[in-house]
Amino acid sequence: MTGTLILVRHGESEWNLKNLFTGWRNPGLTEKGIEEARAAGRLLKAKGLVPDLYYTSALVRAQKTLDLMLEEMGIENVTITRNVALNERDYGDLSGLNKDDARAKWGEEQVLIWRRSYDVPPPGGESLKDTAARTLPYYEAEILPHLKAGKTVLIAAHGNSLRAMVMAIEKLTPEEILKREIATGQPTIYRIGTDGELAEKVAA
Ligand SMILES: O=C(O)[C@@H](CO)OP(=O)(O)O
């Protein structure tokens with residue numbers, strides 16, 4: 001028996017489109033983002049996947065993505081668990097700044113370090129390591145027991161909270177996970193064994 005874990009990054013947000021650091025700020029989805037979320041729902045439906053449990057962050061772009069997916073899957077009246085543990089990495093003082101402007105101000109290399117180093121946080125914000133330190137205990141305590149019990153769990157979240165989970169599940173090194181770009185609206189599907197370990201990564 002295996003459990004099934006479906007991870008989905010929110011569809012394109014208004015700030016992804018404007019090239020702004022987003023973090024814990026709360027923009028909605030663009031038209032493209034709405035369509036990406038709907039397409040993700042249709043994909044899961046076509047695969048016959050019906051989750052038993054639903055999780056998302058405290059941020060609108062992930063919540064809306066999940067709502068749109070459920071609409072496409074024809075699923076209603078289910079309990080959705082929202083938790084800040086699944087939020088995007090907090091970008092601190094960079095939140096709301098344009099990524100090109102930030103490169104012009106601090107230099108390409110410094111901005112890349114803030115964006116893609118494992119343990120160097122942006123000023124006043126969280127590194128991926130910090131993000132993992134709140135996301136993974138939540139995953140292990142609240143989500144993994146359901147997967148070990150053979151349930152199907154859908155999580156709609158963010159680039160960096162998902163990176164934290166992918167790193168743990170696939171046992172990647174910091175270098176490996178930082179190279180992994182998690183595309184908007186494209187489900188990653190894992191089968192998880194009763195021991196909580198990855199049994200199979202399913203092509204989405
Ligand atoms: O702005 C953000 O919050 C994130 C995700 O869009 O950006 P980055 O690609 O730097 O992780």
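Predicted model: local features only at pLDDT ≥ 70, side-chain atom pairs only at ≥ 80, totals over all residues.

**Entry 1: Lys 47**

I started at Lys 47, which I found in the loop between H2 and strand S2 (53-56). Helices here are DSSP runs of H or I with at least four residues, strands are runs of E with at least two, and both are numbered from the N terminus. Residues are numbered from 1 along each chain as its sequence is written.

The cut-offs I use: buried is 20 or more other C-beta atoms within 10 Å of the residue's own, exposed is 12 or fewer, and partly exposed is in between, with C-beta atoms placed from the backbone. I also looked at Lys 47 against Ala 204: they are 157 residues apart along the chain, and their C-alpha atoms are separated by 8.8 Å.

**Entry 2: the annotated active site**

Next I checked the record. UniProt, in an unreviewed entry, places the feature "active site" at His 10 and Glu 88. I keep in mind that UniProt positions are given in the numbering used here, that feature names are shortened, and that annotations may be inferred rather than shown by experiment. The two positions are spread over 79 residues of sequence, yet they cluster in space, with a largest C-alpha distance of 10.4 Å.

I found His 10 in the loop between strand S1 (2-9) and helix H1 (14-17). His 10 is buried, with 32 other C-beta atoms within 10 Å. Leaving out residues up to four places away in sequence, I listed what His 10 touches, including Leu 29, Gly 33, Arg 61 and His 158. Contact means that the C-beta atoms of two residues, placed from the backbone, lie within 7 Å.

Glu 88 sits in the loop between strand S3 (80-82) and helix H4 (99-106). I count Glu 88 as buried, because 26 C-beta neighbours fall inside 10 Å. With residues up to four places away in sequence again left out, the residues touched by Glu 88 include Trp 24, Leu 59, His 158 and Asn 160.

**Entry 3: H6 against H7**

How do helix H6 (residues 128-148) and helix H7 (residues 159-170) pack? I noted an angle of about 70°, with the axes 8 Å apart. That makes H6 roughly perpendicular to H7. For reference, axes are lines fitted to C-alpha atoms, for helices over the stretch in contact, and angles run from 0 to 180 degrees between N-to-C directions. Angles under 35 degrees count as roughly parallel, over 145 as roughly antiparallel, 65 to 115 as roughly perpendicular, and the rest as oblique.

I sorted the contact residues of H6 with H7 into 8 nonpolar, 4 polar and 1 charged. In this scheme Ala, Val, Leu, Ile, Met, Phe, Trp, Tyr, Cys and Pro are nonpolar, Asp, Glu, Lys and Arg are charged, and the others, Gly among them, are polar.

**Entry 4: H4 against H5**

H4 and helix H5 (residues 108-116) pack at about 125°, with their axes 6 Å apart. That makes H4 oblique to H5. I see Ala 102, Arg 103 and Trp 106 in H4 meeting Glu 108, Gln 110 and Val 111 in H5.

**Entry 5: two positive phi values**

Last, I looked at backbone angles. Asn 19 is not a glycine, yet has a positive phi of about 65°. Asn 19 lies in the loop between H1 and H2 and counts as exposed, with 12 C-beta neighbours inside 10 Å.

Lys 171, also a residue other than glycine, has a positive phi near 50°. I found Lys 171 in the loop between H7 and helix H8 (174-178), and with 9 C-beta neighbours inside 10 Å, Lys 171 counts as exposed.
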